[in-house]
Amino acid sequence: MITISLCMIVKNEEESLGRCLESLKGIVDEMIVVDTGSEDRTVEIAKEYGAKVYDFKWTGDFSEARNYSFSLATCDYIYSADADEELDEDNRQRFIQLKKDIEELDIDIVQMYYCNQLSFRTVYNYDRELRPKLFKRVRSFKWEDPIHEQVAIDPVICNSEVEIIHRPKENHASRDLASFRKAVESGRRISKRLHGMYARELFMAGTDDDFIKAKDFFAEAVKDSTRSVDEVKEASCVLAHIAVLEKDAEALLKYSLKDAATEMCSEMCCELGEYYFGKDDYDEAIVWFYNAAYECASILDIKTSKEIPRLALAKCYKALGNEEQAADYEKEAAEIEKGE
């Protein structure tokens, strides 16, 4: 059977860490806990479970800390976990069976279902989503193809049925958005993945002030010819929201047209709806909220194509004195929210 190193980075996790480690007893063969400056009983609890505890001076870079934890592993595979995760007994048994099943297979990465993601809405649109969680520690490379041979570099990934329960104790949006700003200010180029996550977290959890602070970065991203169409659309949505906040009609027109150059997204339609609602032009607002709800798809926040525009339509019809139509949209929004 394969062996597994648990690798974690933690700070002040005394409320959660014990549950996490207890649920992994009998599954992992080594527990490595990298502490980044705890001031509570985190280190003590980790040691009670037999974990090897290492200190790491926090640099503000989660990848750097995670890489350090991985470098300390000695087993066949590495399981990456956070302290607010745990497995129930059914999924403990699935994980144990997984260890047996992949022993003879050349699997590089195993994905598991990450559940309860919507306890706090930050960057995720779905409550259950596959994530890479188990990684082969030492990967071998093989040549392939009989002629024009090349080294196979795509990882072999399999999906498991293991479900990990995520139990966050607080919303990390403000911390995450501050980290995005710090990364931007450092002069480092933000990857396509992080560009999308920054925009998504703004829409799901950002304050008006968070949007304003992000203005310069996304304004530069729109002008950056090396950014993809998707990134330009994401940036345009952020800038359109700022334009609505600042009541800047010219900027709203500019960024909505950038989005409309391809297929318009629900986020942009909602921004246009909000602009016209703010102008008391309820008929025009209805056009855009209707498009957001029924004609377009979301690219950042899935709720902008679901309950948000329907509730906005209800708001518009109430302003027009049509309570019956407003009630229909409120009912539809409630049904969608309940279904999710």
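1. To start with the cysteines: the structure holds zero disulfides, where a disulfide is a pair of cysteine sulfur atoms within 2.5 Å. Please bear in mind that this is a predicted model, in which local features need pLDDT of at least 70, side-chain atom pairs count only at pLDDT 80 or more, and totals for chains, interfaces and linings use all residues. Residues are numbered from 1 along each chain as its sequence is written, and side-chain values use heavy atoms, with hydrogens and water left out.

2. Which cysteine sulfur is closest to that of Cys237? The sulfur of Cys265 is, at 3.3 Å, and this is too far for a bond. Cys237 has 0% relative accessibility and therefore counts as buried; buried means under 20% relative accessible area, exposed over 50%, and partly exposed in between, with a 1.4 Å probe and protein chains only. Cys270 is in no disulfide either, as the nearest cysteine sulfur, that of Cys269, is 7.2 Å away. Cys270 is buried too, at 7% relative accessibility.

3. H6 has 14 residues and spans 20 Å from its first C-alpha to its last, close to the 20 Å expected at 1.5 Å a residue; the expected span is 1.5 Å times one less than the number of residues. Is H6 largely enclosed or largely open? Because 10 of its 14 residues are buried, H6 is largely enclosed by the rest of the structure. Among those buried residues are His195, Tyr198, Arg200, Glu201 and Phe203. The buried residues of H6 pack against helix H5 (173-185), helix H7 (208-213), helix H8 (215-223), H9 and H11.

4. Ser69 sits in helix H3 (residues 62-71) and counts as buried, with 0% relative accessibility. Leaving aside neighbours within four places in sequence, Ser69 is in contact (heavy atoms within 4.5 Å) with Cys7, Met8, Ile9, Ile32 and Val34.

5. Finally, two backbone angles to check. Lys247 has a positive phi of about 55° although it is not a glycine. Lys247 lies in the loop between helix H9 (229-245) and helix H10 (249-260), and it counts as exposed at 70% relative accessibility. Asp280, also not a glycine, has a positive phi of about 65°. Asp280 is found in the loop between helix H11 (266-278) and helix H12 (282-295), and it is exposed, with a relative accessible area of 52%.

Key: Helices (H or I, at least four residues) and strands (E, at least two) are DSSP runs, numbered from the N terminus.
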